[in-house]
Amino acid sequence: MDTPQPRRQQSRHSDIFERSLQRLDDALQSPSGSLQGRPRQPDRRSVLSRRSGRLDDLTMDLTSYTMVGGRRSILPGEMTALEESILEEPELTMLTEEDPGDKAVSGLSEEFLSAYRQRPSEHQLLDLLADYQQLTEQQVERLAQLVRRVPAQRGATHLTATRQLHSQLSKERNTWRLLVSLYRDRLLVTSEEPGALLLEGVGRPRSDQRLAEDLFKCQTDVRQAQLVVDWLEHCAADDIVSGYMDKVEFFGNTAVAWENTLHALQAADGRTARGQSRSMDPDGPVRDRQPLHDLDQDDERRLLRYMFVLLRSGQMSKAQELCLRVGQPWRAATLEGWKLAHDPNYEDPASEPRPVQGNPLRDLWKLTAWQLSEDVSYDEHERAVYGALCGNLDALLPVCSTWEDRVWAFFKVFVDSRVEADVRENSQSLRQLRPLPQHYTEKSRSPDAIFSEVDALENSSGRTDEAVRLYNAIQQCAILGDEATMCAKMAAFCKEDGGNDQLLRSLAHIVLLVRQYGSTEVDHDHCVTVLEAYVKRLVSRQEAPLAVWYTALLPPPLQTEWCAALMESARAPADRLRTLRLAEEAGLDAPAAALAVVRAARLPAEPAAELSAETSEDDRRAAGAIQWLLFEPAQRLDALREGNAICRRLLLARKLPAARELMQLIPDDSIAVLLARWKETTGETELPPEQDNVVKEHLCVKAFMLGQDAYQDWSDQFYSQRPRRPELRPAASFAETVAHEQRLKQYETALERWRAAHTAATAATAERLYNVLLFPDGGWMADRAAPHTAAAPEGAGEPQRQRELAQLRRLYVPQTVCVLHTVLTESGRLPEAARLADLVAGDEYQLYKEFSQPELQNLLGKLRETSLRLLDQNLDALGYPFQ
């Protein structure tokens, strides 16, 4: 049966967020301007016009520059009026006063659930992963816009939680990207047999590029390592767009390299060029061992850092364009030498001649690049650029500051070494290739060894962000294909920390993915731990539509437990019914959960010595819980049974008002509904003993409560409503005497009415109290037959029930006898009161067994007083006339 999909809800906060961004965007909009400054001329003014400060951080705050993407940013003291106008708008509170990150992504959990339910089939795995990736990408971009557009006067400390959430969702987005890439390769890409590739290459030469392509087809580990490199570069490219501002084009667009050094060399007599390089060729500064001009060194350092960032993000073409733009075409040309050679004319000689691709002298270029990357006289980022292209890991690691950077460096070197080894082994070049350095192959490691070294470097760096470490661990296990360890790490994290809502959502869906499509070696208990942590969080936030669906993914015992926990949080009847229906739609055992809620609300059975008119919150919660069993007629037996259990505890605690409230909640037709369902199911009209005793106990409680209510009414009528005889003061006047006689007549009339009402009230009260003492089929609070232990429901606690029934009889049977004696004696029905001795001592009901020794002595004392009053009326001790 198709289950209805949860409707995506757009919260009010989401609408406010969108309107706020649009208004702020309109307020900040300005005509587009160039990011580049004025072209600098090679004169002294260009030297003096340069700013004196340095930007040493690789990533800088987006709000610290005046031009961002063609739009003016806010400068200190400049946007006061605008900010004041913003503060006047109540819709912009999310941007100006709060951390709106959680509100902005509040609908992400519903969207993930919708995606999961829409793609349940195994063949839809890749589509499901793509949905997860797209959803997180949208939220990451949304948070990025929010952080970018917040007024700059509030500084970097504003929206701290939103920034942290943005960083965390970025890690999640990267994780989904990795899983999409890896699962697509593992499920769809089929490796060709090496023999087939060799046969395919017979009779035609294979270039270095074709050799590398064949290697990727044959070797899964190399192909997936390249996927890891591509993934890390893709993620780095996003970071450039959102966070990297130290770009060369922000400081000039001249096409002249080292313009300040050139200006100094062209100056008169070269006096301004002392202590700096006197050569303008690319190797001049290194050869002369003289530095460039200070400002050119600053530009060079910034250029090389940005080139490395572009290379790290896989944007080689942009790095070359940047070199051309700043007047260094020779540097752009050096970045071409790593490409594998390929001559397409050999494969298709009949077609038009086409240009040769790649570098036929790649071995020479690589050897030269290796030597440069090991020369400490060059900038570390320049060494890293060429080290990445020639496979020198030692040149890369010093500029790698994050886990992602280090993994990228190791895997890039791993792929480079494997490709190089295969090309050199199968190369069809006619010349002898130049050997690479001896320790080149020593840097090639297996993926397991790579992560061991990365973990060692991470531990030495002292990173403390547990969420970041967890995502890195997940990504590492995904790359290694170690899904069992992945689930173990997530389970350990959920036990110790738990994380925030978005992190738990991410972990839960990763676990669902692994459990459905992963290895059979995954420990099922670890998956359950993660899912249970997420369900616990949803229950604590009372997210019923989400909680029920994830609860349905847990094992049956936990389903009942957490469904019951969710039901406990609902208080209003409408909310309870809605939660119950949601649980049924999700396939949960809603009746079992409802029964668990009621049993969890039971009070301890503690007999009390005095009556308590106070109803505590626990009492109300226990009584109100019975409502969970009243929605479905099929649970009416459970409602009666659990209602009896709660009433027993309330009566033992002498909390009669609370017990009365509970009995009022149980519908009067419950017994009729139970009998009708039993007859419909079995065709029989008599209930089995266990159910029959439940019905009898319910009737016993009702009879007792009716007796107590009747006694309360009788007491009120006897003591409070009896007319008072008017009194005449001494030495009253004639008029007062006449008025007194009129009041006496009214009194006599009212007294007669009262006596009639009192007689009726006494009869009704005595009847209801007799109904308790003379309850049929074994007596009050006594089963008709021995309970069928085998048929008793699980958790019913039959021995405990029998103890409570016995305690109730010992507590309330003597009390009821004494109350009945009081009613009869105060109403003048002394013979009947005296005959209570026969009722207590009789063998049919054996009420005497419920009396303690002091209680029997007290009852005998009252009977003695009654007998003396009968003797004063010329009757015998039992109220009969003397014969």
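# Briefing on a predicted protein model

Of the protein's 883 residues, 48% count as buried. The model is predicted. It contains 40 helices and two strands. Among contacts with a separation of 6 or more, 72% are between residues 24 or more positions apart.

**Surface**

- The protein exposes about 43900 Å², and carbon and sulfur atoms supply 50% of that area.
- A nonpolar patch on the surface is formed by Leu187, Leu188 and Val189, which together have about 280 Å² of accessible area.
- Leu187, one of the patch residues, is located in helix 8, which covers residues 160-188.

**Nonpolar cores**

- The largest nonpolar core has 197 residues.
- Inside this core, the residues with the most contacts are Phe411, Met490, Leu507, Met567 and Trp780.
- Helix 21 (residues 403-426) contributes the largest share of this core, 11 residues.
- Another core, of seven residues, lies apart from it, and Leu637, Leu674, Val694 and Val695 are among its members.
- Leu507 touches Leu470, Ile474, Met490, Phe493, Cys494 and Val530, when residues up to four places away in sequence are not counted.

**Trp780**

- Trp780 lies in the loop between helix 36 (734-773) and helix 37 (798-826).
- The relative accessibility of Trp780 is 2%, so this residue counts as buried.
- Leaving aside neighbours within four places in sequence, Trp780 is in contact with Cys700, Phe704, Val772, Phe775, Leu808, Arg809, Tyr812 and Val813.
- A polar atom of the Trp780 side chain lies 2.9 Å from the backbone oxygen of Cys700.
- Trp780 and Tyr845 are 65 residues apart along the chain, and their C-alpha atoms are separated by 9.1 Å.

**Salt bridges between pairs**

- Side chains of opposite charge can pair when their charged atoms come close.
- The structure holds 47 salt bridges.
- Arg210 and Glu213 form a salt bridge in which the closest N and O atoms are 2.9 Å apart.
- Both Arg210 and Glu213 belong to helix 10 (residues 208-218), where they are three residues apart, about one turn of the helix.
- Arg210 is partly exposed, at a relative accessible area of 22%, and Glu213 is partly exposed at 31%.
- Arg287 and Asp281 meet through their side chains in a salt bridge, with an N to O distance of 2.9 Å.
- Arg287 has a relative accessible area of 48% and is partly exposed, while Asp281, at 30%, is also partly exposed.
- Glu458 and Arg406 meet through their side chains in a salt bridge, with an N to O distance of 2.5 Å.
- Glu458 lies in helix 22 (residues 447-461) and Arg406 in helix 21, so this pair ties together parts that are 52 residues apart in sequence.
- Glu458 is buried, with a relative accessible area of 5%, and Arg406 is buried, with 10%.

**Salt-bridge network and Arg649**

- A network of salt bridges links Arg648, Arg649, Glu697, Asp783, Arg801 and Glu804.
- Arg649, one of the residues in this network, is found in helix 32 (residues 636-652).
- With 9% relative accessibility, Arg649 counts as buried because the cut-off is under 20%.
- The side chain of Arg649 also reaches the backbone oxygen of Ala645, at 3.2 Å.

How values were computed. Residues are numbered from 1 along each chain as its sequence is written. This is a predicted model: local features need pLDDT of at least 70, side-chain atom pairs count only at pLDDT 80 or more; totals for chains, interfaces and linings use all residues. Side-chain values use heavy atoms; hydrogens and water are left out. Helices (H or I, at least four residues) and strands (E, at least two) are DSSP runs, numbered from the N terminus. Buried means under 20% relative accessible area, exposed over 50%, partly exposed in between (1.4 Å probe, protein chains only). Contact means heavy atoms within 4.5 Å. Accessible areas come from the Shrake-Rupley method with a 1.4 Å probe; for residues, only the protein chains shown count as cover. Patches are made of residues with over 30% relative accessible area and no salt bridge: like charges are joined within 9 Å, nonpolar side chains (Val, Leu, Ile, Met, Phe, Trp, Tyr) within 5 Å. A salt bridge is a side-chain nitrogen of Lys or Arg within 4 Å of a carboxyl oxygen of Asp or Glu. A polar contact is a pair of N or O atoms within 3.5 Å; within protein, one must be able to donate a hydrogen and the other to accept it, and residues adjacent in sequence count only if both atoms are side-chain atoms. A nonpolar core is a set of buried Ala, Val, Leu, Ile, Met, Phe, Trp, Tyr and Cys residues joined through side-chain atoms within 4.5 Å.
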